[in-house]
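Keep the model open as you read.

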Amino acid sequence: MQGAPLAQRISALLDEQVQCVLATVNAGHPELHLMAFAVTPKLDCVFLASAAQTRKVRNMQAHPEVALLWDNRTRRTQDHIHGVALGATGRARRLAGDEAAAASGILLHRNDTLAPLLDIPEVAVMAIAISQFRWVQGYGAVEEYAPG
């Protein structure tokens, strides 16, 4: 996969991952949340779901600018050279109606263990419109990709 176009490498890495770290802001301070996710084929949107009354949802509604992180490290020293950390920045919004139903279907297709969460009537389905990805490999190989 090395040498492939960046969008293709990003898609491949995201296909291997089941969770991401979501960074939100609460009262001027960052907070981290481990989340299941799904991404659109164009890499322009990431979908998340959470019970509506959680702090992460309140944070995203109050401060929609968020960051996401994925990595493929395996706890070996070679990860310092070959490991990849993929970050993304974007803007969150809560989906409703048909948009929420469609995103829920995408999330469920990717991870069927989300069914109990997505069955909650008050579930918040969030769309993160991705403005930029940052691919970091080893000690200094940094590449940026803006979808769309």
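A search of the whole structure finds 0 disulfides (pairs of cysteine sulfur atoms within 2.5 Å). A disulfide is a covalent bond between the sulfur atoms of two cysteines. Take Cys20: the closest cysteine sulfur, in Cys45, is 12 Å from its own, too far for a bond. Cys20 is buried, with a relative accessible area of 1%. Cys45 also counts as buried, at 13%. Buried means under 20% relative accessible area, exposed over 50%, and partly exposed in between, with a 1.4 Å probe and protein chains only.

A word on the source. This is a predicted model, in which local features need pLDDT of at least 70 and side-chain atom pairs count only at pLDDT 80 or more, while totals for chains, interfaces and linings use all residues. Residues are numbered from 1 along each chain as its sequence is written, and side-chain values use heavy atoms, with hydrogens and water left out.

Now the interior. A nonpolar core is a set of buried Ala, Val, Leu, Ile, Met, Phe, Trp, Tyr and Cys residues joined through side-chain atoms within 4.5 Å. The largest one has 27 residues, and Leu48, Leu68, Trp70, Ile128 and Phe133 touch the most other members. The elements that give two or more residues to this core are α1 (6-16), β1 (19-26), β4, α2 (55-62), β5 (65-71), β6 (84-94) and β7. Helices (H or I, at least four residues) and strands (E, at least two) are DSSP runs, numbered from the N terminus. The largest share, 6 residues, comes from β7. A second, separate core of 14 residues includes Cys45, Phe47, Ala103 and Val125.

Leaving aside neighbours within four places in sequence, its contacts (heavy atoms within 4.5 Å) include Leu14, Cys20, Phe37, Leu86 and Phe133.

Next, helix α4. Which residues of α4 are buried? They are Ala100, Ala103, Ser104 and Leu107. These cover an arc of only 105 degrees around the axis, which puts them on the same side of α4. The arc is that of the directions from the helix axis to the C-beta atoms. An α-helix has 3.6 residues a turn, so residues three or four places apart point the same way. The buried residues of α4 pack against β3 (38-39), β4 (45-51), α5 (115-118) and β7 (123-137). The face turned away from this buried side carries exposed Asp98 and His109.

Arg110 also lies in α4. Arg110 is partly exposed, at 29% relative accessible area. A polar atom of the Arg110 side chain lies 2.8 Å from the backbone oxygen of Leu14.

Helix α2 has buried residues too: Lys56, Val57, Asn59 and Met60. Their arc is only 160 degrees, which puts them on the same side of α2. What covers them includes β1, β2 (29-36), β4, β5, β6 and β7.

Finish in strand β1, at Thr24. Thr24 counts as buried, at 2% relative accessibility. A polar contact of 2.8 Å joins the side chains of Thr24 and His33. Such a contact is a pair of N or O atoms within 3.5 Å; within protein, one must be able to donate a hydrogen and the other to accept it, and residues adjacent in sequence count only if both atoms are side-chain atoms. Thr24 is also in contact with Lys56, Asn59 and Met60, among others.
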